[in-house]
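Keep the structure open while you read.

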Amino acid sequence: MRDFIPRFALRHSLSITFIVLALCMAGGYSALHMPSALFPQTDFPRVIIMVGNGVMPADEMMATVTRPIEEAMKEVPGCATVRSSTGRGTAEIDLFFSWDVDMRQSELYTLARLSQIRSTLPDTVSTEVYRMNFSVFPIIGISLTGPVQNLSQSWELARYQLKPRLLRIPGVARVDLVGGLPPEYAVILDPLRMSAVGLDFASVSDALAKNNVVIPSGFHQENHSLYLTVVDGRMHSAAELEAMVLTAANGKPIRLKDIGRVERSSEPAMDVVTANGQDAVLLNIFSQPDGSTLDIADRLHEQLAEIRSTLPPGMKLSLFYDQSLLVRASVRSVWDAIVFGLILAVAILYLFLWDAGMTFVATAVLPVTVLVTILGMRLMGQSFNLMTLGGIAAAIGLIIDDAIVVVEAIHVKMAQGLGLQEVIRSAIGDILPPLVGSTITPVVVFIPLAFLTGIAGVFFRALALTMVIGLLASLVLALTTTPTLAAWFLRKSSSPTETREGILLQWVNMIYESLVRLALRHRWFVLGLCGLIFFGAFVLFGRLKSDFLPPMDEGGFIIDYVAPAGTSLVESDREMRVAERILSTIPEVESYSRRTGTALGVSIVEPNTGDFLVKLRGNRSRTSEQVIADVRQKFREALPRVDWEFPGILADLIGDLTWTDEPIEIKIFSTDLNLLKKQAEDIEEMLENVPGVVDTASGVIYTGPTISLRVRPLEAEQFGLSATDIGQAVNTAMLGAVASTVQEGDRVVNVRVKADPTAIERIDTLRRLPLKTPEGMVIRLDQVADVVMEPGQMELERDDLRQNISVTARLQDRDLGSAMGQIRQMIDNNPQYPHDLIEYGGLYQQQQESFRNLLAVLITALALVFIVAVVEFRSFVEPVAIVTGAALSVFGIILALLITGMTLNIVTLLGAIIGMGIVHKNGLLMMDAVKDLREKGTKMEDAIVQAGARRLRPVLMTSLAAGLGMLPLALGIGAVNMLKPLAIAVIGALCVSVLLSLIATPVIYDLLVRPVKARES
C-alpha cells in the first residue's frame, strides 16, 4: 500500500488532474447555486398549539380548554413534556419532544389528536398549530411608511400590490403583513334611534346578510343560448348601503340611514406598528425550508428598486431586518480566510523550505480542497450558513496540513540526491501511515458530534460535517494531487535549499535536541512538572467564568416590554412613543421597528405588550452591550412602570424556538396560587439584590380589569333572551360584527355593524344599550343584566401538568455560572423557600445539559483517538504517551481563555474537543518516526532525539498553519464571530502542544517502554 499509492498517482497523473479539474468545476457550480440561510435547517422538538376563545375567564379557560388539551397531548408519541400558559380567552400549549423524533410526523400526530378531542371543547374555540424551526421566522423585514391618515391605503398597497410581487420571488414561502388598518365599511348605528323604530343590532346584521347577496337561481334557454339566472342584491357603495330598506313602520320604509350612517373606514386597531417612529405596515418575508436567503435578497432588492419608482407620494419602503447581511458577511469572511490561508501557507512553506516550487505544490491544494468541500456539502444536502461557512473558515489552516507534510517529506528526500520519481515514491511511502493516522484522528473526534442533541447539536453538527469533508478531501488530494504536481513542477533541485534550511532551523534543532536529552536524563522531574501543569490547569479552571453561548456583538438587539396590566392600546402606544424618542437620540442606532399588541415570535400578546427590533450602525464606538446598558437606564428613568428586557437577536430567536431565552429562570410549583404569587415576588426581590442581575420579572402576569355583565336569569327568561343572545348583541355594539361584504373589483371589503362610539363611551350609556326580544319588544341591557367591575385575572402557567410560576432575569457584566451559583446558594440557605418545589430552567438548564453532552463527546472522542493510535502502533505504549502528552493542551486552552477574557461555554468546549484532536497529530508523527528508527536498531535515546529533530519542522509548519489559520476567527473578523472562542481554544491547545507535548510525549514514552523492554529481556 505504501508503494501503490504514489505509483498510482504518478502513473495516472493526467487522469487525476482531469478528475480534480472536474471536481473543481462542480464545486464552483455548487458554490454559485448553493442555498444559503442564517442557520442550518433544523426541526426543533417543539410544537405550539395556540388556542383562542373570545374573552373567557382564565380559570374557566384552564378547566374547559387548556387541561383537556394538555392531557390529550400526552398521548402523542414522543411527547416528553407539556407546558401551557392560560390567559383571558387565550392559551398557549407547548409540546416538547425528544430530539430523535421525526417532527413532521409529530406535527401530524398532534393535529390528529386535536381533531379527536375537538367535539369535547367549546364550540367557540379556535386552534392553530405551529412546528418550530428556523423557517417560522422571517428572513427579511420591510417597512412601508406613509402619511398617518393613510394607514388603510398603506395596507391596501402592501396587500394587493407588494405582497403578490414578493411572493413571485423564487424561494419565498409566504409574506405576512403586520400593522396597518384593512379598509371596511362601518355601519355606525345610533341606539336611541334604533329603539325608536324597534330595531336592534342583530336585526340590522341579519338584513345586510340577507339582502347584500348574489344568489344563483337556475338556467334559462332562449334564442339557442343558455343563460345563467341570478338574483343580484349586491351593493357597491356607502350610499347604496345607506339606502337599504331594513323594515317598514306604519307603511313607511325604514332605511339604514334613518338609524345610522355608513362610512368608508378601517378595521378596529388591535395593534400599533411603527418604523423609525412612523406608523408603518411591516412585510415579513419567510423562506421555503430549502430556499436561498442570498438569492431571495438579491431578487428582492431588484423588485424594491422597481417598486419604489411607482410608490405614491409620501410612501417609503425600507429594510428593518435582513438576515442576508449576516450570511453575505459570512461568505466574505470565508473568502478572506481562504486568501489569508493561501498567504499564510506561502509564507510558512517558503520560510521553512526556501523553495518556490515546493511552495506552489503545497498551496495549490488549498483552493481545490475548498471547492471539493463545497461539492461534498452540496451532495450531503447542506447549505451556506453561519455554521458551515464557519467550518470552512476554521478548517483553512487544517486542510493544508497534509500537503505540508507530504511536501516536506519530498523536500527531505530530494536533499538525498535521489531521482524525482524515486523521491516521490519514497517520501509518500514513509509518510503514509502517520499521515493517514494524523488526519483520521481529528476526523474521529467529530464523529460523536453527529449524535449531539440540543442547541449544541443544532449548531455544531453542520460545522463538524463540513470540517470532516474538508479534512478527508485534503488527505485524498495530498496523496494524489500533490505527488502529481510535484512530478510536474519539481524537476530541479539544488543543495542551497538544504543549506538555507539548515541555517534557518539550526538553532531551533540544537535547542530542541538539548532539551530532549536533558528531559530524558531527568524523566521523573519532567513527569512531576507535567503533574504540576495538570494541577495548574485544574486551579485555573476554577477561575473560568461560564455562559451558555459566547457574548456576541450582533449589530442589533431586541427590546421586549410589558406595561402594567390593563393598559390600553392607546396608552401603551403613547408610552412607546416616548421610548422611540429616546432611541432616536442614541447615536449608534441606525433604525428600529416597534410592535405593540403583537410580537415578532409566536406567543400570546396583550395590548400592553410588544417589542422593538433595533439595528445598530456598523461604524460605532460602543459595543452592543454598552448601548443596551445606556438604553436600559434611560428607558427605566423615563418609563419606570414598564418592565423591560433586552435580549440579543440570536438569544431571542433561540428563546422563541425552545420556550425561553432568559438566562435565569426559577420555576416554583404549587397548587396554591397565593403561595406561588408570594414566593415569586420574594424571589424577584432577592434577585434584584444580586450583583449583575437585571431585567427581573416575577412571572406574575395579570390581564386587565373586566366589565362583567352578570345576566339575571329570571328577567332574561321573561323576555325570552339567553346569555348568548345578550352576549352577541353587546359584542356587535362594542367591537362590531362583520355582517356582509362589498366587492370592489378583485377585492372584498367587509361591512361591519357597530354602535356609535359616543353612545357607549361610558358605562352608564352601555347600560341603556337596546336589546330586541323574540316578540319584537325593545328593552335595555340593564333590564336583564347587572354591570359589575372585576379586577384582572392572573395568567395561569403549567409545566408538565403542574401549576407553576417562573421568575426570570437577565445578566449585565456578569457570567451565568457565577450568578446562578450565588442564586442557588441564597435559595438553599433560605428556609422559607420550598426547595423540593423549585427547579431551574432557562439558558442555565440548557447550559448544564449541553455541558454534560459535550463532556460525553469529549470522553468518546478521546477513546476513539486512542483506538486509532492503537490500530496504527499495535501497542498501548505509544497511544498512552500520545494521549497523555496531548492532554497537556488543556492547560493551554484554559490559559488562552483566561488571557482573552473568554468564558467557558458550548463553543469553547467544542474548541477544546477539536484542539485536543488536532494536537494528537504531533504525537502521532513523532512516535511513528521513533518506531521506524527503533526498528532499524537505533538506541532509545538517540531514536527519540533523532525522531524529534526529524519531525520538528513538519510539526512546526502544520501547527503554525493550523494556529494562524484560525487567526481570522480568533480576532472576530467577519460575521462568524460566534466561533471566536473555538478558535482561541484551538490556538491555545496548539501553542502548548508545540511547547510541551514534543518534550513530554517522548519522556512518557521512554518511561513506559523501559519496563516493557525489561520484562521482554
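Helices (H or I, at least four residues) and strands (E, at least two) are DSSP runs, numbered from the N terminus. The model is predicted: local features need pLDDT of at least 70, side-chain atom pairs count only at pLDDT 80 or more, and totals for chains, interfaces and linings use all residues. Residues are numbered from 1 along each chain as its sequence is written, and side-chain values use heavy atoms, with hydrogens and water left out.

**Loop residue Thr903**
- Thr903 sits in the loop between helix H30 (889–900) and helix H31 (906–935).
- Thr903 is buried, with a relative accessible area of 8%. Buried means under 20%, exposed over 50%, and partly exposed in between (1.4 Å probe, protein chains only).
- Leaving aside residues up to four places away in sequence, Thr903 touches Lys545, Ser546, Asp547, Pro551 and Thr908. Contact means heavy atoms within 4.5 Å.

**Strand S14 and its partners**
- Nine of the ten residues of strand S14 (residues 278–287) are buried, so S14 is largely enclosed by the rest of the structure.
- Strand S5 (residues 140–145) runs antiparallel to S14, joined by six bridges. Two strands pair if DSSP finds at least two bridges between them.
- Ser143 has Leu282 in S14 as its bridge partner.
- Strand S6 (residues 172–179) is also antiparallel to S14, with seven bridges.
- Strand S13 (residues 272–275) pairs with S14 in the antiparallel sense over two bridges, and Ala275 stands opposite Gln278.
- The hairpin of S13 and S14 has two residues between the strands, and Asn276 takes a positive phi near 55° there.

**Four-stranded open sheet**
- The strand order is S12-S7-S24-S23, with mixed pairing.
- Strand S12 (260–266) and strand S23 (737–744) are the edge strands, each pairing on one side only.
- S23 and strand S24 (residues 747–755) are antiparallel over seven bridges. Ala737 stands opposite Val753 in S24.

**Nonpolar surface patch**
- Val214, Phe219, Leu226, Leu228 and Val230 form a nonpolar patch on the surface, with about 520 Å² of accessible area together.
- Strand S8 (214–222) and strand S9 (225–232) each give two or more residues to the patch. S9 gives the most, with three.
- Val230 lies in S9 and is partly exposed, at a relative accessible area of 40%.
- Patch residues have over 30% relative accessible area and no salt bridge; like charges are joined within 9 Å, nonpolar side chains (Val, Leu, Ile, Met, Phe, Trp, Tyr) within 5 Å.
- Accessible areas come from the Shrake-Rupley method with a 1.4 Å probe; for residues, only the protein chains shown count as cover.
- A salt bridge is a side-chain nitrogen of Lys or Arg within 4 Å of a carboxyl oxygen of Asp or Glu.
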